[in-house]
Amino acid sequence: MRKIVFLFLISLVILSCSKEDNLTRPNIVFIMSDDHAYQAISAYSDRLIQTPHIDRLAHEGMLFTNACVTNSICAPSRAVILTGKHSHLNGKIDNNFPFDTTNVTFPQLFHDAGYQTAMFGKLHFGNNPKGVDEFKILPGQGDYYNPEFITHNGDTTVMGYVTDVITDLTIDWFENSRDKSKPFMLMYLHKAPHREWLPAPEHYREYTKKTFPEPATLFDEYEGREAAAQAEMNLRKHMTVSADNKIYPEVADRLGIEEPSDWGKQVFNQKYARFTKEQKKQWDEVYRPISEAFEKAYPEMNDRDYMRWKYQRYMQDYLGCIASVDENVGRLLDYLDDKGLAENTIVVYTSDQGFYLGEHGWFDKRFIYNESFKTPLLVRWPKKIKPGSSSDEMVQNLDFAQTLLDAAGLEIPGDMQGTSLMPLLEGNEEAWNRDAVYYHYYEYPGFHMVKRHYGMVTKEYKLVHFYDDIDTWELYDRKKDPLELHNEYDNPEYSGVVEELTANLQELRKNYKDSEELDQKFIDRYQKAGIR
Ligand code: SGN
Ligand code: CA
């Protein structure tokens with residue numbers, strides 16, 4: 001009898017502990033959008049757009065002004081975030097080859113530790129994310145209008161605009177599927193503002209009327225930067241006037257505009273075909289007159305005029321997409337407030353990488369240059385983070401898994417390669433001693449033709465090696481040359497810096513277990529697959 005009473009008491013203690021744990025362990029809302037440039041968040045800069053809802057996370061939490069990625073492209077970045085390992089170790093070096101599902105991902109660890117886990121929106125790879133109790137994810141890149149979703153119970157199409165729909169699904173999960181006896185780890189992942197930038201009707205009506213300031217480097221000629229000169233990301237030359245700028249294909253044909261391929265017109269037609277009758281009508285009301293005006297103006301445009309026109313069209317649609325993201329982030333934050341969940345929920349806002357908004361004449365990402373290397377990062381956790389704080393430390397998406405595990409008091413696997421950001425979040429900068437980060441991009445040859453490169457970045461300098469079918473080095477003095485227009489690698493004044501940084505870069509590669517053998521292995525992979 002005594003034994004039974006003892007066992008009963010013990011189980012009572014265990015039960016109340018885990019209940020207590022579940023009440024005190026933080027919830028997590030990990031918000032990530034796709035290709036959201038920090039230049040398009042007003043907490044960073046209000047030159048282009050106001051994003052009051054995303055900014056709330058900075059006002060009520062911490063803004064990281066020097067956050068960056070390890071490999072600036074979608075699926076690889078997501079793999080780094082999930083595994084806490086660099087691309088060369090998790091194996092997902094590019095968007096082409098599949099993700100190795102034997103990798104341990106941080107949602108699995110949360111799941112195993114008793115968290116309720118869910119994922120809604122764009123993952124980009126795989127159709128059965130491990131470690132999540134419930135998911136509704138877009139297949140591949142997904143669609144802006146009337147998107148399809150992959151779910152536990154097969155595929156489903158949801159009518160509406162993707163950013164609104166992903167939020168509806170998320171709030172619906174809170175309302176109907178949440179297990180209140182457990183903490184939750186939710187991944188709320190937007191497709192927007194990915195190319196080809198289709199805003200919601202209320203926002204294209206507004207944004208197509210706006211004019212935006214041009215970046216200082218819109219007409220960059222890439223002097224001293226051979227790899228940059230060879231990339232295919234220039235607004236005038238490589239952005240399609242149909243799919244990207246939404247000029248009806250018959251207008252482009254009448255004007256005799258030669259596109260890089262037929263692809264642009266096909267995509268325009270495919271996207272248009274997805275609209276309902278009402279969506280087509282709304283679209284035509286705004287975009288027909290734009291096409292008509294363009295048809296009149298184009299014959300008089302010189303190259304510079306055409307570049308400027310493309311930049312404006314690009315920004316109108318890109319920023320129109322952001323307006324929906326901001327609005328929907330606001331909806332979710334309000335929901336957390338209403339349900340009394342805000343206090344002990346860590347909310348992270350980030351993007352899978354940064355993006356060029358006309359800087360260097362570009363769109364897209366991939367390069368180690370600032371606009372695509374850096375990524376937005378805002379974190380709110382009222383219990384631990386001082387409102388309105390900021391950090392300019394060099395943190396990476398590589399650190400996210402460890403940070404969240406650490407915040408939840410969970411064990412961190414020894415082979416993860418990042419560092420927990422908890423000391424920074426708690427205002428303890430002295431406990432942070434990273435002075436350089438490592439970067440490695442692989443997807444070449446491929447879309448936009450950005451050469452393979454790796455590099456090291458400190459607060460002062462950036463040293464880069466472009467390799468494979470090119471062998472060039474670049475050095476930037478980040479303080480003197482924030483626009484990264486002057487490659488100082490061959491400047492004798494910097495020879496000491498070059499020598500020191502080259503040695504440090506080799507050391508960094510070694511520490512992260514990257515090597516020339518691995519570089520070659522990944523080149524061979526392309527050879528074998530016939531991609532080159
Ligand atoms: C698509 C885009 C490219 C983009 C890649 C990768 N073209 O191919 O511009 O670089 O995706 O983007 S698109 O008009 O078809 O979208 S990523 O974010 O998935 O890495
Ligand atoms: Ca992306």
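The model is predicted: local features need pLDDT of at least 70, side-chain atom pairs count only at pLDDT 80 or more, and totals for chains, interfaces and linings use all residues. Residues are numbered from 1 along each chain as written, chains are lettered from A and ligands numbered from 1 in written order, and side-chain values use heavy atoms, without hydrogens or water.

**Calcium site**

- The calcium ion (ligand 2) is coordinated at 2.1 to 2.8 Å by Asp34 (OD), Asp35 (OD), Asp352 (OD), Asp352 (OD) and Gln353 (OE1). Donors are N, O and S atoms within 2.8 Å of the metal (3.2 Å for Na, K and Ca); water is not among the atoms, so sites may look incomplete.
- Along the chain, the donors of the calcium ion (ligand 2) follow the spacing D-D-x316-D-Q.
- Asp34 lies in the loop between strand E1 (27-33) and helix H2 (52-59), and Asp352 in the loop between strand E8 (345-351) and helix H14 (370-373), so the pair ties together parts 318 residues apart in sequence. Helices (H or I, at least four residues) and strands (E, at least two) are DSSP runs, numbered from the N terminus.
- Asp34 and Asp352 are both buried. Buried means under 20% relative accessible area, exposed over 50%, and partly exposed in between (1.4 Å probe, protein chains only).

**Ser33 in strand E1**

- Ser33 belongs to strand E1 and is buried, at 0% relative accessibility.
- The side chains of Ser33 and Tyr349 form a polar contact of 2.7 Å. A polar contact is a pair of N or O atoms within 3.5 Å; within protein, one must be able to donate a hydrogen and the other to accept it, and residues adjacent in sequence count only if both atoms are side-chain atoms.
- Not counting residues up to four places away in sequence, Ser33 touches several residues, including Arg78, His190, Pro193 and Asp352. Contact means heavy atoms within 4.5 Å.

**Nonpolar cores**

- The largest nonpolar core has 78 residues, and those with the most contacts inside it are Tyr314, Tyr318 and Leu319. Such a core is a set of buried Ala, Val, Leu, Ile, Met, Phe, Trp, Tyr and Cys residues joined through side-chain atoms within 4.5 Å.
- Helix H13 (residues 303-338) supplies the largest share of this core, 17 residues.
- Beyond its neighbours within four places in sequence, Tyr318 is in contact with residues including Asp35, His36, Trp197 and Phe355.
- A second, separate core of 44 residues includes Leu82, Phe110, Leu377 and Val395.

**Cysteines**

- The count of disulfides is zero, a disulfide being a pair of cysteine sulfur atoms within 2.5 Å.
- The sulfur of Cys74 is 15 Å from the closest cysteine sulfur, in Cys321, which is too far for a bond.
- Cys74 is buried, with a relative accessible area of 2%, and Cys321 is buried at 0%.

**Backbone geometry**

- Most residues other than glycine have a negative phi, and most peptide bonds are trans.
- A cis peptide bond with omega about -5° joins Ala192 and Pro193; Pro193 lies in the loop between strand E7 (184-189) and helix H7 (201-207).
- The peptide bond from Tyr444 to Pro445 is also cis, with omega near -5°.
- His124 has a positive phi near 95° and is buried at 13% relative accessibility.
- Lys513 has a positive phi of about 65° and is exposed, with a relative accessible area of 56%.
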